[in-house]
Amino acid sequence: MRAFMVRLPSGARYWTVLDEDLAVVPAADGFLRQVRFGRDGAELTTKSYAGSIALFLRWCAYAGHGWPGGVEHLGSFMTWLRHAGPQASGVGADAAGVVLAGPVRGARRVNAVVTAVRGMVVHAVAAGQAPGRLVPLLYEVADDRDLPERARDEDGRMGWRMRARHRLHEPQMPVDRASDEEIVALLMACRSARDRLIVLLMARAGLRRGVVCGLRRSDVHMLIDSRALGCEVARAHLHVVRREDNPNGAWAKSRRQRTVPLDFFTVQAFDSYEFERMRVRRAAGSDFALVNLFREPVGAPMRPDTIGELITAASRRAGLPDPVTPHQLRHACGSNLLDAGGALDEAQGILGHGSPSATQVYLHPDPARLRAAVDRVPSPRTGAGMPS
């Protein structure tokens with residue numbers, strides 16, 4: 001079982017799952033097509049789901065279950081995910097597998113895999129590809145007493161909801177962000193104005209690398225008043241637009257268009273990059289904001305994978321012990337927005353999160369902020385009913 005990318009005649013792509021005979025697995029394929037085209041999901045979402053489903057189907061084959069039978073033993077599958085080593089997870093493993101000491105996959109990864117499996121099973125039941133008895137094995141009916149009051153029924157009556165039966169506890173960890181010192185070191189190690197702009201677009205504007213590579217020059221507005229461009233947004237900003245025809249495979253995850261304000265440093269970086277780009281004639285004809293300037297094909301839009309490569313190279317030149325990732329730069333933006341006193345909805349809008357819960361991970365204060373919060377509480381005065 002393995003994940004496989006499918007390109008349709010229209011150019012749209014999604015990922016599916018192939019069996020040992022390289023035939024499409026119908027239940028998996030139907031679910032993944034629904035995610036990609038029925039829900040307008042991202043190609044990378046189907047890639048992640050396809051890998052998780054392939055892992056489940058591989059385990060079912062090793063354990064001697066058809067996949068509906070594997071749903072009945074989902075707890076055993078989670079144990080296998082948590083503790084089975086590469087020998088058991090790999091394509092060439094035997095049925096029994098090898099159980100190693102200590103966790104191999106973290107709780108978050110296990111939960112993500114099981115979420116994809118649940119989605120496939122529910123879709124298969126709805127499509128008549130699997131018996132309905134599988135759904136109660138995945139979900140239990142729960143009341144809403146553990147929900148916040150604002151999420152309950154307006155009349156105060158008890159409500160009911162479906163709750164997943166299989167889920168590991170995910171310990172709350174500080175968000176894995178790039179520190180301000182690491183960001184400065186990266187900027188110092190960049191070899192071009194373009195690369196410094198890329199770092200700032202992720203670290204100061206919170207853009208994903210797919211959004212960075214998908215930016216068109218027409219999306220970037222640097223005027224104090226952009227009404228002449230047909231835009232009512234004041235001051236420097238850029239528009240995040242989801243496009244499916246980008247030749248470099250760049251993709252904005254959110255369906256909703258949004259506007260991201262740009263600070264003075266990022267505007268300066270854009271100016272420096274434009275002067276650098278003007279010196280490359282073959283880059284003049286592209287509407288993409290960020291293009292290849294130093295390697296072939298010159299003038300072509302940058303690929304998302306290239307962003308990771310240049311950040312890793314800059315991390316190495318900066319002498320950082322561990323390379324910074326593009327997403328750590330985005331995490332730094334979210335953390336800094338909230339640390340500076342920004343509201344949760346403001347950070348959510350800038351980062352493009354669909355739910356406030358996705359932004360709440362940046363609310364974990366560091367020890368310095370906790371100490372400052374305690375120091376701001378006034379001490380009780382002696383002699384005012386308190387012992388001196």
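I started with R235. At 63% relative accessibility, R235 counts as exposed (over 50% relative accessible area; buried is under 20%, partly exposed in between, with a 1.4 Å probe and protein chains only). I found R235 in the loop between strand 5 and strand 6 (237-240). Helices (H or I, at least four residues) and strands (E, at least two) are DSSP runs, numbered from the N terminus. R235 is not a glycine, yet its phi is positive, about 65°.

I noted the ground rules. This is a predicted model, where local features need pLDDT of at least 70, side-chain atom pairs count only at pLDDT 80 or more, and totals for chains, interfaces and linings use all residues. Residues are numbered from 1 along each chain as its sequence is written, and side-chain values use heavy atoms, with hydrogens and water left out.

Next I looked up D40. D40 also has a positive phi, near 60°, in a residue other than glycine. D40 sits in the loop between helix 1 (26-38) and helix 2 (43-63). D40 counts as partly exposed, at 26% relative accessibility.

I then checked a peptide bond. The bond from E296 to P297 is cis, with omega near -10°. P297 belongs to the loop between helix 11 and helix 12 (304-317).

Helix 11 came next. I compared its length with expectation, which is 1.5 Å times one less than the number of residues. The 15 residues of helix 11 (264-278) should span 21 Å, and the end C-alpha atoms are 21 Å apart, which agrees. In helix 11 I listed T266, V267, A269, F270, Y273, E276 and R277 as buried. Their cover includes helix 9 (193-203) and strand 5 (220-221), by contact, meaning heavy atoms within 4.5 Å.

Leaving aside neighbours within four places in sequence, S192 is in contact with E276 and F294. S192 lies in the loop between helix 8 and helix 9. Its relative accessible area is 3%, so S192 is buried.

I turned to helix 8 (180-189). Which residues of helix 8 are buried? I183, L186 and A189 are buried there. Seen down the axis, these buried residues fall within an arc of 130°, so they line one face of helix 8; the arc is that of the directions from the helix axis to the C-beta atoms. E181 and M188, on the other side of helix 8, are exposed. Helix 9, helix 12 and helix 13 are among what covers the buried residues of helix 8.

Then I looked at the cores. A nonpolar core is a set of buried Ala, Val, Leu, Ile, Met, Phe, Trp, Tyr and Cys residues joined through side-chain atoms within 4.5 Å. The largest has 49 residues, and those with the most contacts inside it are L201, L207, L238, L290, I307, I311 and L329. Helix 8, helix 9, helix 10 (209-214), strand 6, helix 11, helix 12 and helix 13 (326-339) each supply at least two residues of this core. Helix 9 gives the most to this core, with 8 residues. A second, separate core has 38 residues, including V35, W59, F77 and V121.

Last, I checked cysteines. I found 0 disulfides in the structure, a disulfide being a pair of cysteine sulfur atoms within 2.5 Å. C60 counts as buried at 2% relative accessibility. C231 is buried, with a relative accessible area of 7%.
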